[in-house]
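Dear colleague,

I am passing on the structure below, together with some notes on what I found in it. Please look through it first and then read on.

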Amino acid sequence: MMRCHLQNTSVPYIGSFLAVLILSCTVITPNARAIPLFARKYKTTCFTCHVSVPMLNEFGRRFQANGYRIANSEPKTPTWDQLPIVLAFAVTPEVIYTHSKDNITNEVIDSRNFSTYGVDMLTAGDFGSRLSWFGDVTVDPKEGAGIESLFLIYHAGAINFTLGKQILRTLFPIQFTLGTDYLAQSYDSFADASLTDKGVPIGGTNTLLLEEASYAVSAFGWVPDILNGFRYELAFTSGNDGVDLNDASALFLSTDQTIYYANNAPLKVGLWYYTGKHKLYDLDSTGAWIYDGHENTPWRLGIGADIYDPWVKRINLNGQYMIANDDNIYNGSSFGQQRMTGSFLGLTAILLPEKMYSYGRWDHKEVNELNLSDTQWTMGLKYHFVPNVFLSGELAFDNPKIPHQLDNSTTTLSIGTMFAY
Amino acid sequence: MLAVAVITVSLFSLGWILLGSNDIPVKADPATLAKGKALYDDICATCHGMNGNGDGVLAANLQTKPRNFTTGAFKFRSTLSGQLPTDEDLSITIKSGTHSTAMTTFETFSPEQIWALVQYIKTFSPRFSDSNEYPLKTISYGNEIPFTRESIAKGRKVYVEMQCNKCHGDAGEGNGPSADSMVDNWDDPIQPSDLTNPSALKFATSPAEIFRTFATGLDGTPMPSYREAMSDSEMWNLGNYIYSLQTHQGYYEPIKAEEIK
C-alpha cells in the first residue's frame with residue numbers, strides 16, 4: 001500500500017492518533033472480527049489466515065493461492081441481500097519519530113510525523129462458482145481516493161486467472177513491516193539513477209515493486225498433490241503505474257514448494273523472477289517527458305525460504321537473496337549496466353497466541369556501479385487488544401553509504417495501530 | 001421396469017440406512033477415504049495436523065486449540081457424554097464451523113465432500129471402528145418449556161444451585177473464580193464461555209441447542225454432562241436463562257448463591 005507521510009505535523013495529529021486509539025480500544029467489542037471481508041464471509045476470526053495482520057499463516061497462503069477461496073469449494077452466486085453493500089474498512093494510523101545524522105557533516109535532524117494509510121475500503125465477492133472479484137480503495141483526507149487494487153478472478157480448479165490491478169504473489173507477499181521497507185525487495189534502480197535527470201523511465205518511477213499493486217494479467221494456483229503443496233504464478237504486467245505496454249512491460253514468474261518436514265512444521269522454498277523492457281524518458285525544457293531513445297531490459301531474481309521450528313512452531317524464520325540487473329541506465333556519467341545484490345533475514349516469534357508477537361529483520365543491499373551499500377535493522381512488537389485492533393511499535397536503524405557522498409544513519413521509531421471492521 | 005425401479009430404490013434406501021446408522025461402525029469405501037484425505041491434507045492439516053493430533057502449524061498461535069481427533073472425544077455431539085459423535089454431528093460442525101475460533105465454515109463444500117471428510121477424520125481414532133463403541137445413543141429433549149420470565153427465573157435458580165457461577169461467573173460473563181485455572185484434556189488452558197456474548201458461544205442459538213450442551217457435556221473440556229444431575233425441566237429452564245443472557249432480553253431475580261443456601 002502506498003503511504004502518505006505528512007511532514008511537520010505533530011501535536012494535533014498525535015492528539016488525533018490517541019483519540020483513534022482510545023476509540024478503537026473502547027468502542028470495539030470482543031466479538032468484532034479482524035479482516036472484515038473474508039472473516040465475515042467464512043464466519044471466522046482473522047487468525048484463521050494471519051499469524052498477525054498482515055503476515056499470512058499457512059492456511060492464509062493456501063487461501064490466497066486459491067484465489068481467495070477455500071480449496072475445492074464452490075461458492076454460489078449471492079443474492080442481492082448478500083452482496084457486500086456495507087464495505088469493510090481498515091485504518092492504520094501511526095506516529096513516526098525519526099532521528100537522522102549525517103556522519104560526514106555531523107548534522108542531526110529530528111522529525112516527528114503522523115502517518116496514515118488512510119482508510120482502506122475493501123470489497124470482495126463471488127459472481128457464482130467461477131468468477132469473483134477483489135477490490136481495495138484507499139481514501140486519504142489529504143490525497144483523495146485511489147484504487148489500490150481491483151481485479152477479477154476466474155477460478156478453474158488448480159489454475160486461476162486474474163485481470164486488473166493486483167499485488168503479485170511472491171513467497172513473501174507481506175510480512176510484519178510497519179514503518180520500514182524491505183531494502184532489496186523495494187529496490188528501484190531508477191530511483192538511484194534519477195539522481196541525474198537522464199535515463200528515467202516513463203512515468204518517472206515506473207517499475208515493478210513487488211510490495212505494490214501492478215496492472216497485470218495472471219495465471220496462478222495451488223497444487224496440493226505435489227508434496228504438501230506447490231504454488232505458482234505467471235503474470236504479464238505493465239508495472240506499478242500502469243503505463244502503455246509499448247513503454248514498459250514485464251513477464252513475472254513465482255513458484256514455491258511446501259513440505260511438512262517434521263512434526264507438522266512447514267518448510268517453504270521458492271523463487272521469483274521477472275524480466276521486461278522499459279523505454280527511458282527525460283524531462284524537456286517545458287517539463288514534458290520525452291523518449292530519449294534508450295531502452296533498459298531489467299531482470300530480477302529472488303530465492304527465498306521460510307521455515308517454522310518443529311518443536312513449538314512459534315518461531316518463524318524467513319529469508320531471501322535477490323539480484324536486480326539493469327543493462328542500460330544512466331549511472332551519472334554514461335549509460336550501462338547496474339546491478340544490485342541484496343538479501344533479508346527475518347524472524348517472527350509468537351509470544352502469546354492471538355495476543356503478542358515480536359519480529360526482527362536484517363536487510364542489506366549493494367550496488368557496485370553506484371558504490372552504494374545500505375544496511376537496515378528492524379525490530380518490532382505487536383499487541384492485539386482484540387483480533388481487529390492492535391498496537392504496534394517498531395524500531396529501525398538504517399545506514400546507507402556512498403563513499404564521499406552519503407553516510408546518513410537514520411533511527412526510526414514507529415508506533416502504530418490498526419482498526420479494521 | 002417398475003420392478004427394477006422399486007428394487008433400485010429399496011437397495012438405495014437400505015444402503016443409506018446402513019451408512020447413516022448409529023448402531024454399527026460405518027466403513028467407508030477407499031475412494032471416499034482418498035477423497036477425504038486429499039481435502040484434509042490440503043485444508044484441515046494446517047490446524048489439526050497431518051495425523052489428526054491437533055498439532056498443525058497454526059495450533060501454536062490459537063487460543064482455542066484445534067481438536068485432537070485421535071482420542072475420539074468431540075465437543076459438539078448429539079450423543080451421550082463419553083460417546084462418539086454421529087456422522088451427522090461431525091458434518092454439522094464442519095459445515096457450520098465454530099464461530100469466534102479459527103474453525104471456519106465450510107458451507108461451500110458439497111455434501112459429498114463433507115461426507116468424505118467425516119469418514120477420513122474418523123480414521124484417526126480406532127474408537128470409530130470398534131463395535132463396542134456402538135450403538136450410539138442420542139439424547140432426548142423431554143418436553144420443551146417455553147421461553148418465559150417464569151422459566152428464566154427458575155433457570156437462574158438452577159444456575160446457582162448447579163454452581164455454574166464457579167466457572168461462568170455470577171453474571172455469566174465467564175469470569176468465575178475457577179475460570180483462570182482451567183485446562184482441557186490435553187492440558188491446554190481453556191476459558192469458560194462468556195454466556196452474555198453470543199459470538200463467544202458455540203451451538204447456542206436457541207434454548208434447545210443450549211439444552212443439548214447440558215445433556216451431552218463438551219467432551220475433552222471441563223464442561224461436564226448434567227444429564228444425571230438435572231431433570232429435563234431444569235435443563236430447559238437453565239437453557240432459557242442462558243438464552244436470555246446472550247440475547248439480553250431476559251428477566252430474572254438476581255439470586256445469590258448465599259440465598260440458595
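**Contact between the chains**

In this predicted model, 33 residues of chain A are in contact with 30 residues of chain B. On the side of chain A that touches chain B, the elements that give two or more residues are helix 3 (58–65) and strand 13 (265–283) of chain A, and the largest share, three residues, comes from helix 3 of chain A. By type, the residues of this side of chain A divide into 16 nonpolar, ten polar and seven charged.

**Nonpolar cores**

The largest nonpolar core has 59 residues, and those that touch the most other members are Met418(A), Tyr40(B), Leu58(B), Ile114(B), Leu117(B), Val118(B) and Ile121(B). Helix 4 (residues 111–122) of chain B gives the largest share of this core, seven residues. If neighbours within four places in sequence are left aside, Leu58(B) is in contact with Asn57(A), Glu58(A) and Phe59(A) as well as with Thr46(B), Cys47(B) and Ala102(B). A second, separate core of 22 residues includes Val158(B), Tyr159(B), Phe214(B) and Tyr241(B).

**Strands of chain A**

Strand 10 (residues 214–223) of chain A runs antiparallel to strand 8 (residues 160–166) of chain A, joined to it by seven bridges, and in this pairing Gln166(A) has Ser214(A) as its bridge partner. Strand 10 of chain A is also joined by eight bridges to strand 11 (residues 230–237) of chain A, again antiparallel, with Trp222(A) standing opposite Arg231(A). The hairpin of strands 10 and 11 of chain A has six residues between the strands, and Leu227(A) takes a positive phi near 50° in this hairpin.

With best wishes

Key:
Residues are numbered from 1 along each chain as its sequence is written. Chains are lettered from A and ligands numbered from 1 in the order in which they are written. This is a predicted model: local features need pLDDT of at least 70, side-chain atom pairs count only at pLDDT 80 or more; totals for chains, interfaces and linings use all residues. Two residues are in contact if their C-beta atoms, placed from the backbone, lie within 7 Å. Helices (H or I, at least four residues) and strands (E, at least two) are DSSP runs, numbered from the N terminus. Ala, Val, Leu, Ile, Met, Phe, Trp, Tyr, Cys and Pro count as nonpolar, Asp, Glu, Lys and Arg as charged, and the others, Gly among them, as polar. A nonpolar core is a set of buried Ala, Val, Leu, Ile, Met, Phe, Trp, Tyr and Cys residues joined through C-beta atoms within 7 Å. A residue is buried if 20 or more other C-beta atoms lie within 10 Å of its own, exposed if 12 or fewer, and partly exposed in between; C-beta atoms are placed from the backbone. Two strands pair if DSSP finds at least two bridges between them.
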